[in-house]
Amino acid sequence: RTARFTLDPAFTVGAVNPRLFGSFVEHLGRCVYTGVFEPGHPTADAEGLRQDVLELVRELGVTAVRYPGGNFVSGYKWEDSVGPVEDRPRRLDLAWRSTETNRFGLSEYIAFLKKIGPQAEPMMAVNLGTRGVAEALELQEYANHPAGTALSDLRAEHGDKDPFGIRLWCLGNEMDGPWQTGHKTAEEYGRVAAETARAMRQIDPDVELVACGSSSQAMETFAAWEATVLEETYDLVDHISLHAYYEPHDGDVDSFLASAVDMESFIENVVATCDHVGARLKSKKRINLSFDEWNVWYMTRTQAEVSVLDWPEAPRLLEDNYSVLDAVVFGSLLIALLRHADRVTVACLAQLVNVIAPIMTEPGGPAWRQTTFFPFSQASKYGRGEVLDVRVDSPTYDTAKYGEADLLHATAVRAEDGTVTVFAVNRSRTDALPLEVALGGLRLTEVVEHSALADADPDARNTLAEPERVAPHPVDGTALDGGRLTAALEPLSWNVIRLR
Ligand code: AHR
């Protein structure tokens, strides 16, 4: 059976915020050390930043880059990470049982962002695990105050005369999780988040603040946590965070392929909770969503890795190697975010390099693209504009976790110049999916390109030995005739169809 939908310029979801294509650099494993930063590497610049990695980061098209954690931030002492490198202390990183050298710190992070280009924006987290209001304010003063105070002058003394201008701040990380250093109840966190937010706005009323939501929809405290935290912080914050990671459980690939069903319901449930609190408070303000950690992560495989660590520096941790199957699920997660672009105004792919990442490196060696690199770079390149409301009529399949799920998952984005890009995933493991799209009033006449990521071997991956085994390929036969688009989506495929 054919899957169908209609695109009409009159029916839109909302504009895509460029921050939807954010990512995340945590002091975890080799994300920073031998990832983005490796003095002595043949491609390293004077500041130790790997140019081969920077080139791939630019090609990936990331915008906001969240830093420095993650779980790491709940033990983070920002002042350890600034000033002369030789004076920076080595510290225990409790989150990842590693030793943090602080060789890379705040100033290096800002330098990294500048080198990515003007599209890159800082998104800084403050430590509300082992620290509180005072330290958040000190960090804000050091980072953003122009001059003439102890901490802003210290920044200048450290070589950064110009303020960093960090606008977007996360009030802690995953404070609902019992694994978090300084884990809190919703009431405790709501209070400290409100106090911190109020004080940070005293320095600068224009900061944008993200309160911690739930670490996943499966958390026992989910939704009650958001409601309690927002009752305390509603007028003081702009966004609430969501985190979600997906992997196949007990070999259940069919449910894994439908992971976006969970992601979309998670988003819709958080929107409902935010709006419920807004209604209770009789507020006209709308809280938006910061999906600031999302990805495929074989978490159950890596949990044991951390517990046996004996405080190494930059160990190989969470270095998942992604298959074509993973990339198709990943693409579907991107589609879920775009389909909710009206409320998801920030999203961060966790993470950027080596740690559950689209970019991999070898110390002293090359950098390469994982399979997941491609859906992200294509979505970031062609997914800018207005999301069109896509309601699919699709054949379905059975999943153990989510019941009947659509075989087709899709969205479409209309760019300012009127061109339209359809992003579509075929979840069938066995069959090609015929697709028909009625283009109504869009006045499109031409298929510019249909590209697909799919492979006869869904387990195919890019590796150090074979870094270019998987890449998107062009698809023939996609046609646009009399306002009707027809295509065949290969089994288990991520598709980008560009129309003008
Ligand atoms: O991204 C890896 C970890 O996942 C982060 O440190 C934490 O916030 C989440 O649990």
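**Before you start**

You are looking at a predicted model, in which local features need pLDDT of at least 70 and side-chain atom pairs count only at pLDDT 80 or more, while totals for chains, interfaces and linings use all residues. Residues are numbered from 1 along each chain as its sequence is written. Helices (H or I, at least four residues) and strands (E, at least two) are DSSP runs, numbered from the N terminus.

**Stop 1: the two domains**

Colour residues 3-9 together with 389-499 as domain 1, and 17-382 as domain 2. These bounds come from an automatic or database domain assignment. The centres of the two domains, taken over C-alpha atoms, are 30 Å apart. Where they touch, 34 residues come from domain 1 and 31 residues from domain 2; a contact here means C-beta atoms, placed from the backbone, within 7 Å. On the domain 1 side, strand 16 (396-399), strand 18, strand 19 and strand 25 are the elements that give two or more residues. That side has 20 nonpolar, 7 polar and 7 charged residues. In this count Ala, Val, Leu, Ile, Met, Phe, Trp, Tyr, Cys and Pro are nonpolar, Asp, Glu, Lys and Arg are charged, and the others, Gly among them, are polar.

Now select 292-493, which UniProt lists, in an unreviewed entry, as "domain: Alpha-L-arabinofuranosidase C-terminal". UniProt positions are given in the numbering used here, feature names are shortened, and annotations may be inferred rather than shown by experiment. Over this stretch the chain is 17% helix and 34% strand, with its end C-alpha atoms 25 Å apart.

**Stop 2**

Two strands pair if DSSP finds at least two bridges between them. To see one of the pairings, select 22-24 (strand 3) and 344-350 (strand 12), which run parallel and are joined by 3 bridges. Phe24 stands opposite Ala350 of strand 12.

Gln351 sits in the loop between strand 12 and strand 13 (359-361). That loop also holds Ile356, which has a positive phi of about 35° although it is not a glycine. Is Ile356 buried or exposed? It is buried, with 27 other C-beta atoms within 10 Å. The cut-offs are 20 or more other C-beta atoms within 10 Å for buried, 12 or fewer for exposed, and partly exposed in between.

Another cis peptide bond to find joins Tyr67 and Pro68, with omega about 0°. Pro68 is in the loop between strand 4 (64-67) and strand 5 (91-93).

**Stop 3: around helix 8**

Select 259-280, helix 8. Angles run from 0 to 180 degrees between N-to-C directions, with axes fitted to C-alpha atoms, for helices over the stretch in contact.

Which residues does Ala227 touch, not counting those up to four places away in sequence? They are Thr273, His276 and Val277. Ala227 belongs to helix 6 (residues 224-233) and counts as partly exposed, with 15 C-beta neighbours inside 10 Å.

Next, click on Lys284, in the loop between helix 8 and strand 11 (288-296). Lys284 is exposed, with 6 other C-beta atoms within 10 Å. Its C-alpha atom is separated by 10 Å from that of Asp235, 49 residues apart along the chain.

**Stop 4**

Show strands 2, 15, 18, 19, 25, 21 and 22. They make an open sheet of 7 strands in the order 2-15-18-19-25-21-22, with antiparallel pairing. Strand 2 (12-15) and strand 22 (473-474) stand at the edges with a single partner strand each, so one side of each is left without a neighbour in the sheet. Helix 10 (residues 324-339) packs on this sheet, touching strands including strand 2, strand 15 (386-388) and strand 18 (408-414), and its direction makes about 50° with that of strand 18.

- Strand 19 (residues 420-426) and strand 25 (residues 493-499) run antiparallel, joined by 7 bridges; Val422 stands opposite Ile497.
- Strand 21 and strand 25 run antiparallel, joined by 6 bridges; Glu449 stands opposite Arg498.
- Strand 21 and strand 22 run antiparallel, joined by 2 bridges; Ser451 stands opposite Pro474.

**Last stop: strand 1**

Select residues 3-6. Strand 1 has a covered face, Ala3 and Phe5, and an uncovered one, Arg4 and Thr6. Strand 1 runs parallel to strand 20 (residues 433-438), with 4 bridges between them, and Ala3 has Leu435 as its bridge partner.

Key
Two residues are in contact if their C-beta atoms, placed from the backbone, lie within 7 Å.
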